[in-house]
Amino acid sequence: MALETMRQIVLQNVSKADGLHKVYVCHRLGQVNLGEESILIAVSSPHRSSGHQLVMQILNEIKQKVPIWKKICFEDQGDHWSPNSEAFWLQQEK
């Protein structure tokens, strides 16, 4: 589900972009430690500004729409869901 949603986000944004060559998105699976990267978005574009805009648009849509969980694990406090999680399905349960 997450991969298909990301694919659709990329395809929709690429169709809107002018002069775009390629887009690559990779999101990590499993535990991501503090300070580690969780997502890579690469864009090939003839102009930097349009490439940067496309990266931010894709990133913001992924954070908003893709079902990715954010569980925070503390050594001394156990684990809990992040209050800043973009996991819309968790926010609806409150």
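Being three residues apart in helix H1, Glu4 and Arg7 are separated by about one helical turn; helices here are DSSP runs of H or I with at least four residues, numbered from the N terminus. The side chains of Glu4 and Arg7 meet in a salt bridge, with N and O at 3.1 Å. For that term, a side-chain nitrogen of Lys or Arg must lie within 4 Å of a carboxyl oxygen of Asp or Glu. Glu4 is partly exposed, at a relative accessible area of 38%, and Arg7 is partly exposed too, at 44%. On this scale, buried means under 20% relative accessible area, exposed means over 50%, and partly exposed is in between, using a 1.4 Å probe and protein chains only.

Before we go on, a word about the model. It is predicted, so local features need pLDDT of at least 70 and side-chain atom pairs count only at pLDDT 80 or more, while totals for chains, interfaces and linings use all residues. Residues are numbered from 1 along each chain as its sequence is written, and side-chain values use heavy atoms, with hydrogens and water left out.

Now let us turn to the helix pair. H1 covers residues 2-16 and H2 covers residues 48-65; the two pack at an angle of about 145°, with their axes 10 Å apart. Those axes are lines fitted to C-alpha atoms, for helices over the stretch in contact, and the angle, on a range from 0 to 180 degrees, is taken between N-to-C directions. From H1 come Thr5, Met6, Ile9, Val10 and Asn13, which meet Leu54, Gln57, Ile58, Glu61, Ile62 and Lys65 of H2, contact being heavy atoms within 4.5 Å. The residues of this contact divide into six nonpolar, three polar and two charged.

Glu61 and Lys65, both part of that contact, also pair with each other: their side chains meet in a salt bridge at 3.3 Å, N to O. Along helix H2 they are four residues apart, and so separated by about one helical turn.

How many salt bridges does the structure hold? There are three. One of them joins Glu36 to Arg28, the closest N and O atoms being 3.2 Å apart. Glu36 is partly exposed at 36% relative accessibility, and Arg28 is likewise partly exposed at 36%. As a general point, side chains of opposite charge can pair when their charged atoms come close.

How values were computed. Nonpolar A, V, L, I, M, F, W, Y, C, P; charged D, E, K, R; others polar.
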